[in-house]
Amino acid sequence: MVVLEGFRSMRECDVTVIACMDFRFQGALHEYCDAEFGYLSYDLLTAPGGAKVCASADPAWCRAYAHASLELAVDKHRAERVVLLMHEDCGAYKAAGHTFHNFAAEMEFLRNELLKGGEWVGEFFPTVKVELG
């Protein structure tokens with residue numbers, strides 16, 4: 001068990017970040033979030049595909065996970081912003097049957113997924129500012 005001495009009084013964060021769980025990016029992801037949002041001022045949700053959990057309901061548990069996690073972040077931690085992140089060469093999309101003929105096609109697809117994910121977050125959490133990364 002981890003005991004978080006000195007953190008008990010902290011109840012709010014500035015932003016919730018949704019990113020891919022891919023082990024290849026965790027170090028860089030934490031460095032990015034610490035630099036961009038400040039140490040300990042963000043909730044970090046990781047899931048297969050990152051923003052994919054907001055953009056598509058495949059598999060169905062992804063949307064349920066995203067909704068429950070964001071509800072907690074917004075209602076309990078008072079997050080006012082949600083940042084959606086994605087990356088190239090994502091295994092979650094490959095597992096869902098997506099293939100890309102070239103890098104530009106993949107980037108276009110991922111941009112559209114970010115937009116869909118942002119719309120979904122805005123629909124359920126209209127008080128938060130959504131940022132796409």
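**Questions on a predicted model**

Student: In which helix is the place of Glu 113?

Tutor: This is a predicted model, in which local features need pLDDT of at least 70 and side-chain atom pairs count only at pLDDT 80 or more. Residues are numbered from 1 along each chain as its sequence is written. Helices are DSSP runs of H or I with at least four residues, and strands are runs of E with at least two, numbered from the N terminus. Glu 113 has its place within residues 103-124, which is helix H5.

Student: Is Glu 113 buried or exposed?

Tutor: Buried means under 20% relative accessible area and exposed over 50%, with partly exposed in between (1.4 Å probe, protein chains only). The relative accessibility of Glu 113 is 4%, so this residue counts as buried.

Student: Why do the buried residues of H3 line one face of the helix?

Tutor: The buried residues in H3 are Cys 62, Ala 66, Ser 69, Leu 70, Ala 73 and Val 74. Viewed down the axis of H3, they fall within an arc of 125° (taken from the directions from the helix axis to the C-beta atoms). Because of that arc, they line one face of the helix.

Student: What is the order of the strands in the open sheet?

Tutor: Two strands pair if DSSP finds at least two bridges between them. S3 and S4 run parallel and are joined by four bridges. The open sheet has four strands with parallel pairing, in the order S2-S1-S3-S4.

Terms used: Heavy atoms only, no water.
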